[in-house]
Amino acid sequence: MKKIFKYLLLTVMVFNTTAFAKDTKNELKSLEETIKVYKQLQINGELEKTIDYVYPPEFTITPKKTLLESYKMMKESGKVPTINSFTETIRTPLKSYEKGFYTVVAYTIEMTMDTMPPVKKENKEEYAKVQEMLNNPEKLKSYKSFMLQMLKMQMGKDAVINSKEGSMLVNIEKKSTMIAINENKSGWTFVEPAPQTIEALKKVLPKEIVENEKELFDVKVLTAEEQMAEMMKMMKAQKQ
């Protein structure tokens, strides 16, 4: 009787392990296909469509309407960065948690951004100021230096940012990490633990994921006062 019980127990264990391995394989394939679509949307500049791949609870931090409006403004101003390449590495094996599967995806984006102020000719006063700056080498140099510092602050200390000589175009290489989550078999969505939103994300992400990925969440976050101090430094450097 004991032998029969052990045999049945072993059979169940093998079956469960095999089923989990099959699920994991299917989930990985699904994730790879989702990332492929997500990447293409980024490369095509179809930012509004990437909304469908945002982890839904993140909208409690930044409402979907706000994101869509910001994407619309970028498009209207012609300031959507051109994505030159998007490469990623999916961490395997995938991890399971109470509501589904998740993993960490490290990626590198190389892009080109136009730093020319988005001022139209109709706005005569502002347009005149921009033209004056473009024709003044010192003012132009100061402006470009300020923009590079601003981008560095936004993109993170590990970003490589270079301006093109005699151009307002800037080349950026940004390495980052996002968490891919398939919750309740609803499909893969992504969330990037950026320093500005770390504390808020800890409240909306599954506790199990936050605890398992401590290295992503235990980072130094500048306070509002520290961010203001950094901004003042940049503005002071611009005037010098």
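The side chains of Glu126 and Lys129 meet in a salt bridge, at 3.9 Å from N to O. A salt bridge here is a side-chain nitrogen of Lys or Arg within 4 Å of a carboxyl oxygen of Asp or Glu. The structure is a predicted model, in which local features need pLDDT of at least 70 and side-chain atom pairs count only at pLDDT 80 or more, while totals for chains, interfaces and linings use all residues. Residues are numbered from 1 along each chain as its sequence is written, and side-chain values use heavy atoms, with hydrogens and water left out.

Glu126 and Lys129 both belong to helix α4, where they are three residues apart, about one turn of the helix. Helices (H or I, at least four residues) and strands (E, at least two) are DSSP runs, numbered from the N terminus. An α-helix has 3.6 residues a turn, so residues three or four places apart point the same way. Lys129 also meets Glu125 in a salt bridge, at 4.0 Å from N to O. Glu125 and Lys129 are four residues apart, again about one turn, in α4, which covers residues 124-134.

Buried means under 20% relative accessible area, exposed means over 50%, and partly exposed lies in between, with a 1.4 Å probe and protein chains only. Glu125 is exposed, with a relative accessible area of 56%. Lys129 is partly exposed at 45%, and Glu126 is partly exposed at 34%.

The structure holds 12 salt bridges. Side chains of opposite charge can pair when their charged atoms come close. Another of these bridges joins Glu132 and Lys139, at 3.0 Å from N to O. Glu132 counts as partly exposed at 45% relative accessibility, and Lys139 is partly exposed with a relative accessible area of 40%. Elsewhere, salt bridges that share partners join Arg91, Lys95 and Glu213 into one network.

The protein as a whole may now be considered. Its secondary structure comes to nine helices and six strands. Of the 240 residues in the protein, 33% are buried. Among contacts (heavy atoms within 4.5 Å) with a separation of 6 or more, 60% are accounted for by residues 24 or more positions apart. The accessible surface comes to about 16100 Å², and carbon and sulfur atoms hold 57% of that area. Accessible areas come from the Shrake-Rupley method with a 1.4 Å probe; for residues, only the protein chains shown count as cover.

A search of the whole structure finds five aromatic pairs. Rings of Phe, Tyr and Trp (its six-membered ring) pair if their centres lie within 6.5 Å; planes under 30 degrees apart count as stacked, over 60 as edge-to-face and the rest as tilted. The rings of Tyr38 and Phe86 have centres 6.5 Å apart and planes at 90 degrees, so this pair is edge-to-face. The pair links distant parts of the chain, with Tyr38 in helix α1 (residues 2-44) and Phe86 in strand β1, 48 residues apart. Tyr38 is buried, with a relative accessible area of 13%, and Phe86 counts as buried at 6%.

Tyr38 also pairs with Phe190 in a tilted arrangement, 5.0 Å centre to centre with 45 degrees between the planes. This pair too links distant parts of the chain: Tyr38 is in α1 and Phe190 in strand β6, 152 residues apart. Both Tyr38 and Phe190 are buried. Tyr38, Tyr53, Phe86, Tyr107 and Phe190 form one aromatic cluster.

The backbone has several features to note. Helix α3 (residues 64-77) has 14 residues and reaches 20 Å from its first C-alpha to its last, close to the 20 Å expected at 1.5 Å a residue. The expected span is 1.5 Å times one less than the number of residues. Gly78, which follows α3, has a positive phi near 75 degrees.

A cis peptide bond, with omega about 0 degrees, joins Thr92 and Pro93. Pro93 lies in the loop between β1 (82-90) and β2 (95-97). In the loop between β2 and β3 (100-114) is Glu98, which is exposed with a relative accessible area of 74%. The C-alpha atoms of Glu98 and Glu208 are separated by 8.1 Å, although these residues are 110 residues apart along the chain.

The loop between β5 (169-183) and β6 (188-191) contains Asn184, whose phi is near 55 degrees, a positive value in a residue other than glycine. Lys185 is found in the loop between β5 and β6 and has a positive phi of about 55 degrees although it is not a glycine. Asn184 is exposed at 55%, and Lys185 counts as exposed at 78% relative accessibility.
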